[in-house]
Amino acid sequence: MRKVYTTTIHYVPQMLRGTRKQIRPFNNSLFIREANDFANIFNDFMDVLEKLKKDEKQFNPKDFVITDRVIYTIQQALGIGLDLFVESNSARKHVGNRFEELIRVFVICC
């Protein structure tokens, strides 16, 4: 059974070039904040992708959590970065497009 995440959503105001910007909310139980933690979990995610390449069908619950957290963190980090540097409507459109490309790459690689 997959883990159901409790939602702790953070709204973080940021100052950029003297302008106060609001970044998108993120789920604290999914989002990986520390770069070292992300690097370690991303390596585990690459192992999950290797299983897919080998056409393995058995995945443990940890594999699903790893996949959820890595993909969520990549997508949200892109969105947060765009929230800070481009107009909000444009940021949402670009993030959606980049997310589609990210998923396409994962599917093609596996």
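This is a predicted model: local features need pLDDT of at least 70, side-chain atom pairs count only at pLDDT 80 or more; totals for chains, interfaces and linings use all residues.
Hi everyone, let me start with a term: a residue is buried under 20% relative accessible area, exposed over 50%, and partly exposed in between, using a 1.4 Å probe and protein chains only. With that in hand, Phe59 is partly exposed, because its relative accessible area is 23%.

Residues are numbered from 1 along each chain as its sequence is written, and side-chain values use heavy atoms, with hydrogens and water left out.

Now the overall layout. The chain has 3 helices and 4 strands, where helices are DSSP runs of H or I with at least four residues, strands are runs of E with at least two, and both are numbered from the N terminus. Along the sequence, the order is β-β-β-β-α-α-α. The chain has 110 residues, and buried ones make up 26% of them. Taking contacts between residues at least 6 apart in sequence, 58% join residues at least 24 apart; contact here means heavy atoms within 4.5 Å.

Let's go to the helices. Two packed helices are described by the angle between their axes and the distance between the axes. The axes are lines fitted to C-alpha atoms, for helices over the stretch in contact, and the angles run from 0 to 180 degrees between N-to-C directions.

How do α1 and α2 cross? Their axes come within 9 Å, at a crossing angle of roughly 120 degrees. The two helices are therefore oblique to each other. For the cut-offs, angles under 35 degrees are roughly parallel, over 145 roughly antiparallel, 65 to 115 roughly perpendicular, and the rest oblique. The crossing of α1 past α2 is left-handed, meaning that the near helix is turned anticlockwise from the far one by less than a right angle, with clockwise giving right-handed. On the α1 side, the contact is made by Phe38, Ile41, Phe42, Asp44, Phe45, Val48 and Lys51. From α2 come Asp63, Ile66, Thr67, Arg69, Val70, Ile71, Thr73 and Ile74. By class, that contact has 9 nonpolar, 2 polar and 4 charged residues. Here Ala, Val, Leu, Ile, Met, Phe, Trp, Tyr, Cys and Pro count as nonpolar, Asp, Glu, Lys and Arg as charged, and the others, Gly among them, as polar.

On the way from α1 to α2, please stop in the loop, where we find Asp55. Most residues other than glycine have a negative phi. Asp55 is not a glycine, yet has a positive phi of about 60 degrees. Asp55 is also exposed, at 53%.

Next, α2 against α3. Helix α2 covers residues 61-85 and α3 residues 88-109, and their axes come within 9 Å and cross at roughly 150 degrees. That makes α2 roughly antiparallel to α3. This crossing is right-handed. The contact involves Ile71, Ile74, Gln75, Leu78, Gly79, Leu82 and Asp83 of α2. Facing them in α3 are Ala91, His94, Val95, Arg98, Phe99, Leu102, Ile103 and Phe106. The class count is 10 nonpolar, 3 polar and 2 charged residues.

Gly81 of α2 is partly exposed at 25%. Its C-alpha lies 8.8 Å from that of Ala91, 10 residues apart in sequence.

Finally, the aromatic rings. How many aromatic pairs does the whole structure hold? The search finds 4, where rings of Phe, Tyr and Trp (its six-membered ring) pair if their centres lie within 6.5 Å, with planes under 30 degrees apart stacked, over 60 edge-to-face and the rest tilted. Phe26 and Phe31 form a tilted pair, 4.8 Å centre to centre with 40 degrees between the planes, and both residues are buried. Phe59 and Phe64 have ring centres 6.3 Å apart and planes at 65 degrees, so that pair is edge-to-face. Phe64, at 35% relative accessibility, is partly exposed. One aromatic cluster brings together Phe38, Phe42 and Phe45, and these three also belong to the α1 side of the contact with α2.
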